[in-house]
Amino acid sequence: MKFKDAKIDMWVQYEHANARIYQMTETSCTIKVQKTHVEFVTLSPDEFENKDIRIIEPPTFSLHDNCLYMGKYTALKNKIVKIIQIDNELTMFPYRIMVADTDTWANPFELQKIAY
């Protein structure tokens, strides 16, 4: 991927992890990466173009969808959850999910659609 093609809030794969472009200037790109925790990585244009960074398309969900949660939050892992709120301002974790009385925010890559 070319530095000039990067846009804020674009989902990318960076070092085998899902990430979102957080900030862009003429001299740097800051990427918000979710590995074991969320971290920020700032790259110069040369560093950016020498990394294996690819645009990825996140799955999309609707309010009240039921889906399988495959994220790191152990209380909900591998459970069918319901999307109870969507907040696109929370760019990394826009989906609030719940099962029973437990809830958390999830990113689209932590959820899997259920095909009935």
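Reader: In which sense do β6 and β10 pair, and over how many bridges?
Author: β6 and β10 pair in the antiparallel sense, over three bridges. Two strands count as paired if DSSP finds at least two bridges between them. Strands here are DSSP runs of E with at least two residues, numbered from the N terminus.

Reader: What kind of model is this?
Author: This is a predicted model, where local features need pLDDT of at least 70 and side-chain atom pairs count only at pLDDT 80 or more, while totals for chains, interfaces and linings use all residues. Residues are numbered from 1 along each chain as its sequence is written, and side-chain values use heavy atoms, with hydrogens and water left out.

Reader: Back to β10. What is the bridge partner of Y69 there?
Author: In β10, Y69 has L111 as its bridge partner. In β7, Y69 stands opposite K79.

Reader: How many bridges join β6 to β7?
Author: Four bridges join β6 (residues 66-69) to β7 (residues 79-86), and these two strands run antiparallel.

Reader: What is the strand order in the open sheet?
Author: The order is β9-β8-β7-β6-β10, five strands with antiparallel pairing. At the edges are β9 (102-106) and β10 (111-113), each of which pairs on one side only. On average, neighbouring strands of this sheet are turned by 45° against each other, direction ignored.

Reader: Now the loop between β6 and β7. Is L76 there buried or exposed?
Author: L76, which lies in that loop, counts as buried because its relative accessibility is 0%. Buried means under 20% relative accessible area, exposed over 50%, and partly exposed in between (1.4 Å probe, protein chains only).

Reader: Which residues does L76 touch?
Author: Leaving out residues up to four places away in sequence, L76 touches Y69, V81, I97, V99, T102, D103 and T104. Contact means heavy atoms within 4.5 Å.

Reader: How far apart are the C-alpha atoms of L76 and I56?
Author: They are separated by 25 Å, with L76 and I56 20 residues apart along the chain.

Reader: Different topic. Where is V38?
Author: V38 is in strand β4 (residues 38-43). V38 counts as partly exposed because its relative accessibility is 30%.

Key: Axes fitted to C-alpha atoms, helices over the stretch in contact; angles between N-to-C directions.
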